[in-house]
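Open the model in your viewer and keep the selection panel at hand. The stops below go from one element to the next.

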Amino acid sequence: GRIDALEQTTRELERTQATQLHAVLESAPDAIMIANCEGRIELVNAQTERLFGYRREELLGHPIEILVPERFRNAHQGHRTGYFRDPHVRDMGLGLELYGRRKDGTEFPLEISLSPVKTEGGVLAISAIRDITKRKQIEASMRESEVRFRSAFGDAPIGMALVGIDGRWLQVNRALCEIVGYGSTADAFRITD
């Protein structure tokens, strides 16, 4: 009787842990996907379904390349193979330009972090996937704003300078150089050094 009770308690604990793990995965803010070393999708969460537009059953068992734009698929297979040769934690971003492909064919920029998990069946890769479309739009807007500022500042018909709190010139425009008699902005900076 005591062994049966212990086995029952163990099964209940395992069910509770599985339920908790499922709740964590489903409530994660990022898309979470687990793939095996053959590149087949074994698990996805609700965010993965929302992000890529596929139902869970349309992804499970399929190659992860279904989520990769066509032009990157061949290279991705090589990257995947290389990852499983030397599985390691890879942080999001890493300066790579990565893109995902939704079911409707649209593409979007993303970041992916990878973590290997050793199981009895072999190594699996857990991916956390984040859509960075909004961040890319903000970065582009900031670059455009910087270009407009530099153009307006540099081409202004009045002399202007940005001066640091230590009194050093940080930036001067052509008009100021002409007013004070410097041949170029580089000359102006040499004199203030």
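Start with Met33. Its bridge partner in β2 is Val44. This is a predicted model, so take the stops as features of that prediction.

**The strand pair.** Select β1 and β2 together. They pair in the antiparallel sense, over three bridges. β1 covers residues 31-36 and β2 covers 41-44.

**The sheet.** Now widen the selection to all strands of the sheet. Five strands form an open sheet in the order β2-β1-β5-β4-β3, and the pairing is antiparallel. Which strands are the edge strands? They are β2 and β3 (98-101), each of which pairs on one side only. From one strand to the next, the twist averages 40°.

Beyond its neighbours within four places in sequence, Met33 is in contact with Ile41, Leu43, Val44, Thr48, Ile64, Leu67, Ala125, Ile126, Ser127 and Ile129.

Next, select Met33, Ile41, Leu51, Phe52, Leu59, Leu67 and Ile129. These belong to the largest nonpolar core, which has 14 residues, and they touch the most other members. Colour by element to see where the core comes from. β1, β2, α2 (46-52) and β4 (107-119) each supply at least two of its residues. Which of them gives the most? β1 does, with three residues.

**The cysteines.** Select Cys37, then Cys177. Cys37 is partly exposed, at 40% relative accessibility. Cys177 is buried, with a relative accessible area of 3%. The structure holds zero disulfides.

**The salt bridges.** Side chains of opposite charge can pair when their charged atoms come close. How many salt bridges does a search of the whole structure find? The count is 14. Visit these in turn:

- Arg56 and Glu26. Their side chains meet in a salt bridge, 2.9 Å from N to O. The pair links distant parts of the chain: Arg56 is in helix α3 (residues 56-59), Glu26 is in helix α1 (residues 2-27), and they are 30 residues apart. Glu26 is partly exposed, with a relative accessible area of 22%.
- Asp131 and Arg102. The closest N and O atoms of this salt bridge are 3.3 Å apart. Asp131 is partly exposed, with a relative accessible area of 32%. Arg102 also counts as partly exposed, at 22%.
- Glu146 and Arg150. Here the closest N and O atoms of the salt bridge are 2.6 Å apart. Both residues lie in helix α5 (residues 133-155), four residues apart, which is about one turn of the helix. Glu146 is partly exposed at 36% relative accessibility, and Arg150 is partly exposed at 46%.

**Last stop.** Select Arg55, Glu57, Glu58 and Lys103 in one go. A network of salt bridges links these four residues.

Conventions
Residues are numbered from 1 along each chain as its sequence is written. This is a predicted model: local features need pLDDT of at least 70, side-chain atom pairs count only at pLDDT 80 or more; totals for chains, interfaces and linings use all residues. Side-chain values use heavy atoms; hydrogens and water are left out. A nonpolar core is a set of buried Ala, Val, Leu, Ile, Met, Phe, Trp, Tyr and Cys residues joined through side-chain atoms within 4.5 Å. Buried means under 20% relative accessible area, exposed over 50%, partly exposed in between (1.4 Å probe, protein chains only). Contact means heavy atoms within 4.5 Å. A disulfide is a pair of cysteine sulfur atoms within 2.5 Å. Two strands pair if DSSP finds at least two bridges between them. Axes are lines fitted to C-alpha atoms, for helices over the stretch in contact, and angles run from 0 to 180 degrees between N-to-C directions.
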